[in-house]
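I opened my notebook to look at rings and helices. Here is what I looked up.

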Amino acid sequence: MNGRDVFEYALLRVVPRVERGECINAGVLVYCRAKSFVAARTHLDERRLLALDPGADVPGVHAALRAVEGVCAGGAAAGQAAHDDPGRRFRWLIAPRSTVVQPGPVHTGLTADPAAEAERLLDLLVR
């Protein structure tokens, strides 16, 4: 495949008031099985979040995004997922949930460098 591997990604969305369904993109999850790679890149635009909900728990959202990054990184920061393989951690993170930080649908693509792809997608879809 010209040195490129299949990867999957999902946006991380912040839904400050779940009952309203309004959201902003605040990160991206990237998984590449061929490279045993999973990572989250996040960026919270606090101004946009507070425009949706002036009472949003900004520190709480930052903490939730850091937790997602920790699960992707593995090790002690991943908690119970510390010893799971990257694919299992990705699948756990993309499972639907009704929380303030939610994963979007999974998309696929081809990449030679999943880490660079994560940065590209963050710039394109979040920042």
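How many aromatic pairs does a search of the whole structure find? I found two. I kept in mind that this is a predicted model.

**Entry: Phe-7 and Tyr-9.** I looked up the two rings and got 5.9 Å between their centres and 25° between their planes. Planes under 30 degrees apart count as stacked, so this pair is stacked. Next I asked: is Phe-7 buried or exposed? Phe-7 is buried, at a relative accessible area of 3%. Tyr-9 has 15% relative accessibility. The cut-off for buried is under 20%, so Tyr-9 counts as buried too.

**Entry: Tyr-31 and Phe-90.** These two form a stacked aromatic pair, with 5.3 Å from centre to centre and 20° between the planes. I then checked where they sit in the chain: Tyr-31 belongs to strand S2 (residues 24–32) and Phe-90 to helix H3 (residues 86–94). They are 59 residues apart, and the pair links distant parts of the chain. Both Tyr-31 and Phe-90 are buried.

**Entry: H2 and H3.** I stayed with H3 and looked at helix H2 (residues 58–73) beside it; their axes come within 9 Å and cross at roughly 155°. Angles over 145 degrees count as roughly antiparallel, so that is how H2 and H3 run. Which residues meet here? From H2 I noted Val-68, Val-71, Cys-72 and Ala-73, and from H3 Arg-89, Trp-92 and Leu-93. Sorted by class, the contact has six nonpolar residues, one charged and no polar.

Definitions and conventions: Residues are numbered from 1 along each chain as its sequence is written. This is a predicted model: local features need pLDDT of at least 70, side-chain atom pairs count only at pLDDT 80 or more; totals for chains, interfaces and linings use all residues. Side-chain values use heavy atoms; hydrogens and water are left out. Rings of Phe, Tyr and Trp (its six-membered ring) pair if their centres lie within 6.5 Å; planes under 30 degrees apart count as stacked, over 60 as edge-to-face and the rest as tilted. Buried means under 20% relative accessible area, exposed over 50%, partly exposed in between (1.4 Å probe, protein chains only). Helices (H or I, at least four residues) and strands (E, at least two) are DSSP runs, numbered from the N terminus. Axes are lines fitted to C-alpha atoms, for helices over the stretch in contact, and angles run from 0 to 180 degrees between N-to-C directions. Angles under 35 degrees count as roughly parallel, over 145 as roughly antiparallel, 65 to 115 as roughly perpendicular and the rest as oblique. Contact means heavy atoms within 4.5 Å. Ala, Val, Leu, Ile, Met, Phe, Trp, Tyr, Cys and Pro count as nonpolar, Asp, Glu, Lys and Arg as charged, and the others, Gly among them, as polar.
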